[in-house]
Amino acid sequence: QAKITDVESNVLEGDSMDQDVESPVAIHQPKLPKQARDDLPRHISRDRTKRKIQRYVRKDGKCNVHHGNVRETYRYLTDIFTTLVDLKWRFNLLIFVMVYTVTWLFFGMIWWLIAYIRGDMDHIEDPSWTPCVTNLNGFVSAFLFSIETETTIGYGYRVITDKCPEGIILLLIQSVLGSIVNAFMVGCMFVKISQPKKRAETLVFSTHAVISMRDGKLCLMFRVGDLRNSHIVEASIRAKLIKSKQTSEGEFIPLNQTDINVGYYTGDDRLFLVSPLIISHEINQQSPFWEISKAQLPKEELEIVVILEGMVEATGMTCQARSSYITSEILWGYRFTPVLTLEDGFYEVDYNSFHETYETSTPSLSAKELAELASRAELPLSWSVSSKLNQHAELETEEEEKNLEEQTERNGDVANLENESKV
């Protein structure tokens, strides 16, 4: 029994020292007899394997959500343009090549069939015969003529004649259909190339978020920056808390999203992102961190998702950059190192210190507890002030009463003197 309790305490100490919840940790279990292993409490065996916190949004901004069992796959075909744009580059290029190749082969086969049905293949060397397409002597030449027609190259060697009405109709159909294919595929490739996702690669977020005092209030802060000289127009920042909750009716809501106010009512969420900025969230009664203290923070299973949106100045397209912070990436009692310095005629940003923090004196209590302590500290002060005011009022009334008594006494003495003088 004593040995088992020692093993339990060692296992619990090993679990409490484990801080890295992002990466799987291989915990070496002690070699015990089977009876001792069976006698261990179940909660210890569950706590042995540290549960990995699964991110909702990864640090690079990609959402860690996969859609499964989607039966209505036809919806992807109804929006084929967006479907092609969302495909990976290798599939997009493969479809691009295949669409053009298939259309060229299809119309090349029709041109060859027209020539074959009309008998142009039997009169290749006959100068008196007028073929549908001159110098078309096989499928390869029909395929080349199809390419020339659709791409409007016009080498001039193979030419359609006016004695072939079916060929003229086919020429019109291929020209119109080729223009539609060109517009669709070239537009798809243009949108694919000019997507603003790559612009988001130069929008950086600090690797950690910090909690410290600012202007006498407990605040949650993180830093954002733009590496390019071209600015993000109408930049705005949002933050959401991702945490599962259970309602008062017993309903369990996984990955519930709660807004974190980063200056929506004051306009501080609209950024002029020329140099790195520190985004601050004041932890007040409306904040989801109101009752979270330093000791309780590592025990929370939550994730903060930050979203930076704006228009790219060069293209005018909307750009969005995302990042997230889990509990192990929130540092309590730290501040960000300044990165902006004044040089000779300009400001310089040192991005080597962009992610650096330094420790500062910060109370380990929650914002709610700090507010309660502040209210308790103000109560005796108010009592003492009120008591002093009451004492001062009482002294004034006593002084007024004394003055009245003295005046009455003086008036009485004056009256007696007048009576004596009359006598």
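pLDDT is the predictor's confidence in each residue, on a scale from 0 to 100. The legends below refer to a predicted model.

**View 1. Confidence across the predicted protein.** The average pLDDT of the protein is 80, and 77% of the residues reach at least 70. Residues 381–389 have a pLDDT below 50, and this stretch makes zero contacts in the model beyond near neighbours in sequence. Where pLDDT is low, the predicted coordinates should not be read in detail.

**View 2. A nonpolar patch on the surface.** The patch consists of Leu-105, Met-109, Leu-113, Tyr-116, Ile-117 and Phe-139. Together these residues have about 580 Å² of accessible area. Helix 6 (residues 89–118) supplies the largest share of the patch, five residues.

**View 3. Phe-139 in the nonpolar patch.** Phe-139 belongs to helix 7 (residues 139–151) and is a member of the surface patch that also includes Tyr-116 and Ile-117. Phe-139 counts as partly exposed because its relative accessibility is 31%, between the limits of 20% for buried and 50% for exposed.

View 4. Thr-362 lies in the loop between strand 14 (357–359) and helix 9 (367–422). The relative accessible area of Thr-362 is 19%, so the residue is classed as buried; the cut-off for this class is under 20%. Leaving aside residues up to four places away in sequence, Thr-362 touches Ile-211, Ser-212, Met-213, Leu-218, Trp-332 and Gly-333.

Key
Residues are numbered from 1 along each chain as its sequence is written. This is a predicted model: local features need pLDDT of at least 70, side-chain atom pairs count only at pLDDT 80 or more; totals for chains, interfaces and linings use all residues. Side-chain values use heavy atoms; hydrogens and water are left out. Patches are made of residues with over 30% relative accessible area and no salt bridge: like charges are joined within 9 Å, nonpolar side chains (Val, Leu, Ile, Met, Phe, Trp, Tyr) within 5 Å. Accessible areas come from the Shrake-Rupley method with a 1.4 Å probe; for residues, only the protein chains shown count as cover. A salt bridge is a side-chain nitrogen of Lys or Arg within 4 Å of a carboxyl oxygen of Asp or Glu. Helices (H or I, at least four residues) and strands (E, at least two) are DSSP runs, numbered from the N terminus. Buried means under 20% relative accessible area, exposed over 50%, partly exposed in between (1.4 Å probe, protein chains only). Contact means heavy atoms within 4.5 Å.
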